[in-house]
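Hello,

Here is the structure I promised to pass on. Please open it first, then read my notes below.

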Amino acid sequence: MLRIHRFIPASSLVLFSCWMSSLQAETNDKLQFSGFARVIAGYLNEEHGTFLGYDDSISFTEQTLLGLQLDYQVMDNLSVTGQAVARTADDSDSGIEWLYLTYTPSNAWKFKIGRQRTPIFNYSDIIDVGFAYPWISLPQQVYRGFLFPTYEGLQSQYEYVGKNISLGLEAYIGGIEREFVANGQVLDTDIDNLRGIVGTVGYQGWNFRASYHRGHADINQPELNAFSNQLRQFGFMQSADSIKTDGVGRFYQISAFYEDVDYFFRTELMQIKADLSLSPKTKGYFISGGLNFYPVSVYLSISKDTNRYLQPVAEIPTGINAQLDALAFGYQQTFSQSQDNSTLSYTAGIRWDWQENLALKAEATLLKENEGTQGLFTTRDVNNFDGQAILYQVAMEWVF
């Protein structure tokens with residue numbers, strides 16, 4: 001069933017984008033407006049599960065968005081940048097994504113302070129700008145939606161550009177307190193002592209990137225915290241520690257991209273290790289290749305992830321009294337939604353650059369759960385869903 005009533009906001013975004021295009025022409029040298037827009041329709045050929053919010057009805061709202069950016073040059077080496085993004089999905093955040101000052105003392109050095117993108121992935125800075133990459137949906141086995149997308153803090157960046165090689169080094173520190181949406185659940189999260197380092201090397205069409213990030217996360221889950229305190233009162237300290245909702249998370253990422261006039265190759269790998277009990281140890285990767293026949297390009301991708309959870313502690317005795325039995329049952333139930341899983345996907349897509357700032361795309365992704373039933377599909381009818389489905393998407397990507 002086509003969701004016409006939900007398509008109206010998406011159409012409004014396009015009309016508003018037209019208005020912003022005309023406004024851009026009126027700005028002066030110091031004040032610059034720019035923006036981007038995505039209108040995406042998706043359909044999942046499965047009635048017993050959902051993925052990225054898509055089900056067996058055509059939806060225009062799950063990833064459709066409009067972003068507006070303002071850059072103001074305060075001085076020759078000082079500027080301010082703000083970016084706001086409006087999303088049409090019910091469970092997605094809208095609002096100020098970027099708001100920072102940039103100080104550029106030289107061509108090689110740059111410093112930013114304020115709210116900005118957390119530079120975890122290769123596409124982190126442009127994750128909302130679909131025009132900048134071939135896919136409609138970035139490989140979800142790597143580009144996990146629950147990772148903190150923005151932070152507030154200080155970033156330093158050094159760049160060297162030689163005749164045949166370019167080098168980049170980036171470091172940042174900060175934190176953020178805000179609500180994040182993960183698997184349809186709103187989580188009030190406080191992340192502090194967030195820091196990371198990113199290194200890049202460019203050589204003859206190749207671009208290599210490696211990064212390391214870590215931060216202390218405190219996820220406010222009142223019911224789980226209350227149950228943990230109850231376990232402590234009974235003296236089951238190991239069990240209480242095994243469901244703690246705060247701890248240090250570490251993130252590793254490497255990638256290799258190659259771009260040529262006729263073809264391209266991209267691969268990215270990531271690993272997450274967290275002390276939070278209900279956060280899995282995760283590994284994910286994608287490999288993608290494509291051919292360019294400008295203005296048309298085609299591509300194929302394969303992606304996979306594995307998620308390994310901590311197992312519950314066998315500390316609470318059973319069969320002694322009803323109270324301990326209930327406590328043990330409640331403890332085991334806490335882990336019922338945290339089962340090891342793995343999801344493999346294959347994607348084929350085509351892109352047509354209709355205008356220099358406007359691209360049309362079509363994409364199909366076959367998703368298969370290799371292990372477990374807690375993978376990338378958000379909701380499911382466990383009795384009727386075999387863990388396999390195809391997501392069809394078409395998109396219009398616009399920058400202005």
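**What I found**

L52 is partly exposed, with a relative accessible area of 25%. The residue sits in the loop between β1 (31–44) and β2 (65–75). Most residues other than glycine have a negative phi. Please keep in mind that the model is predicted.

N193 is another case. Its phi is near 50 degrees, again positive in a residue other than glycine. This one is not in a loop: N193 belongs to strand β8 (residues 185–203). Its relative accessible area is 44%, so N193 counts as partly exposed.

**A cis peptide bond**

Which residue does a cis peptide bond join to P295? The partner is Y294, and omega is about 15 degrees. Most peptide bonds are trans. P295 lies in the loop between β12 (281–293) and β13 (296–308).

**The chain as a whole**

The C-alpha trace spans about 75 × 50 × 40 Å along its principal axes.

Some totals follow.

- Of the 400 residues, 44% count as buried.
- The accessible surface comes to about 19,800 Å². Carbon and sulfur atoms hold 57% of that surface.
- Take the contacts between residues at least 6 apart in sequence: 62% of them join residues at least 24 apart.
- The protein chain carries 28 positive and 44 negative charges. The mean positions of the two sets are 6 Å apart.

**Salt bridges**

Side chains of opposite charge can pair when their charged atoms come close. How many salt bridges does the structure hold? There are 12. Three of them deserve a look.

Start with R87 and E97. They form a salt bridge, with the closest N and O atoms 3.0 Å apart. The pair links distant parts of the chain, 10 residues apart: R87 is in strand β3 (residues 78–87), and E97 is in strand β4 (residues 95–103). Is E97 buried or exposed? Its relative accessibility is 3%, under the 20% cut-off, so E97 counts as buried.

Next come R117 and D128. Their side chains meet in a salt bridge at 2.5 Å, N to O. This pair also links distant parts of the chain, 11 residues apart. R117 is in strand β5 (residues 109–117), while D128 is in the loop between β5 and β6 (150–161). R117 has a relative accessibility of 6%, so R117 counts as buried. D128 counts as buried too, at 10% relative accessibility.

These two pairs belong together. R87, E97, R117 and D128 are linked in a network of salt bridges.

D241 has a relative accessible area of 41%, so D241 counts as partly exposed. R232 is at 33% relative accessibility and is partly exposed as well.

Where is N229? N229 is found in helix α2 (residues 222–233). The residue is partly exposed, with a relative accessible area of 44%. N229 and D246 are 17 residues apart along the chain, and their C-alpha atoms are separated by 14 Å.

Then go to M396. Its place is in strand β16 (residues 388–399). At 22% relative accessibility, M396 counts as partly exposed. The cut-off for buried is under 20%. M396 and D353 are 43 residues apart in sequence. In space they are 9.9 Å apart, C-alpha to C-alpha.

**Where to start**

I would begin with the network of R87, E97, R117 and D128. After that, turn to the cis bond between Y294 and P295.

Best wishes

Terms used: Residues numbered from 1 in each chain as written. Predicted model: local features only at pLDDT ≥ 70, side-chain atom pairs only at ≥ 80, totals over all residues. Heavy atoms only, no water. Buried < 20%, exposed > 50% of the residue type's maximum accessible area, 1.4 Å probe, protein only. Contact = heavy atoms within 4.5 Å. Areas by Shrake-Rupley, 256 points an atom, 1.4 Å probe, with all protein chains shown as cover. Lys, Arg positive; Asp, Glu negative; His and termini not counted. Charge placed at Lys NZ, Arg CZ, Asp CG, Glu CD. Salt bridge = Lys/Arg side-chain N within 4 Å of Asp/Glu carboxyl O. Helix = DSSP H or I, 4+ residues; strand = E, 2+ residues; numbered from the N terminus.
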